[in-house]
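Subject: Structure for you to look at

Hello,

Here is the structure I promised. Please open it first, then read my notes below.

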Amino acid sequence: MAMVSMQFSVHSLNSPNLRPTKRYSGMAFATSNKEAVSLGVKITQGEGNLPKLVLTSGGGSEAEIYLFGGCITSWKVPSGRDLLFVRPDAVFDKKKPISGGIPHCFPQFGPGPMQQHGFARNMDWSLVESENVEGNPIVTLELKDGPYSHAMWDFSFQARYKVILNTKSISTELIVTNTDNKPFSFSTALHTYFRASITGVSVRGLKGCKTLNKDPDPKNPIEGREERDAITFPGFVDCIYLDASDELHLENGLGDVISIRNTNWSDTVLWNPHVQMEACYKDFVCVENAKIGTVQLEPKQAWIAKQHLCIG
């Protein structure tokens with residue numbers, strides 16, 4: 001799937017159907033009371049007294065999003081089952097990223113010149129728009145550059161992250177815009193943790209992809225080609241799939257089949273730490289939509305990628 005660069009002004013990114021809402025940021029939110037932002041959207045205090053959005057659809061599904069890191073930490077279908085996983089060692093003190101849910105890797109995936117997976121998961125995002133369409137809540141979060149990001153990556157940017165909750169699905173749209181007067185490049189991913197029983201997990205849809213296997217040496221991945229119809233997790237797995245399919249199917253070992261569709265996330269990463277994370281490796285699997293190769297944006301250009309998770 002080719003990377004698409006598109007010209008936008010910042011203002012053109014706003015849908016006319018989205019109602020601007022009072023701006024909430026992780027720095028400014030201090031009330032302990034739940035506050036309704038729009039139908040099906042409320043802001044409250046989560047773990048560590050961090051501001052958290054709670055989205056509830058008319059069909060009975062629910063999602064939780066922390067403004068710190070712009071991290072979706074929970075996606076519950078109407079039966080009450082949470083299909084995402086937050087690790088038991090996760091901390092909510094803003095000293096490190098939230099370990100679980102759907103963290104952002106931006107503007108760097110993996111190790112590199114800056115800290116692991118970049119800085120977006122370590123910063124406060126703001127809630128800038130909220131609406132409800134036919135019982136489905138929609139919120140848009142925003143991240144902009146600041147002194148913290150400039151210390152690692154000296155560029156001006158805007159990232160907008162739209163989250164749409166339906167009865168059986170949760171969808172996201174990430175728009176990264178270059179607001180600087182010089183070009184920049186980045187890599188990115190949604191590091192999604194799915195709740196699972198690892199011995200029963202399989203992922204379908206990656207047969208034929210070129211692979212970069214980080215086992216046993218992450219610094220020197222082994223190139224290969226995926227030949228399996230269904231990928232299982234009998235041990236440690238850390239593998240990149242280049243030019244992956246735009247639809248995968250995850251059997252989570254708990255009786256659920258989750259469709260993972262995407263637009264413009266060109267690559268997939270599968271990860272399970274096995275006994276390196278003895279306390280919880282049996283309870284989750286990471287299936288990550290990613291853009292491993294760098295995206296180059298000229299001033300005022302934007303890059304857009306969408307993810308759609310749906311329960312069968």
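Two strands pair if DSSP finds at least two bridges between them. Helices (H or I, at least four residues) and strands (E, at least two) are DSSP runs, numbered from the N terminus.

This is a predicted model: local features need pLDDT of at least 70, side-chain atom pairs count only at pLDDT 80 or more, and totals for chains, interfaces and linings use all residues. Residues are numbered from 1 along each chain as its sequence is written, and side-chain values use heavy atoms, leaving out hydrogens and water.

Start with the whole chain. The protein chain has 1 helix and 24 strands. Of its 312 residues, 56% are buried, meaning under 20% relative accessible area with a 1.4 Å probe, protein chains only.

Strand 3 is joined to strand 4 (residues 41–45) by 3 bridges. Ala 36 has Lys 42 as its bridge partner in strand 4.

Next, look at strand 15 (residues 201–204). It runs antiparallel to strand 20 (residues 247–252), with 4 bridges between them. There, Ser 202 has Glu 251 as its bridge partner. Strand 15 also pairs with strand 18 (residues 230–231), again antiparallel, over 2 bridges. Arg 204 stands opposite Ala 230 in that strand.

Best wishes

Definitions and conventions
Buried means under 20% relative accessible area, exposed over 50%, partly exposed in between (1.4 Å probe, protein chains only).
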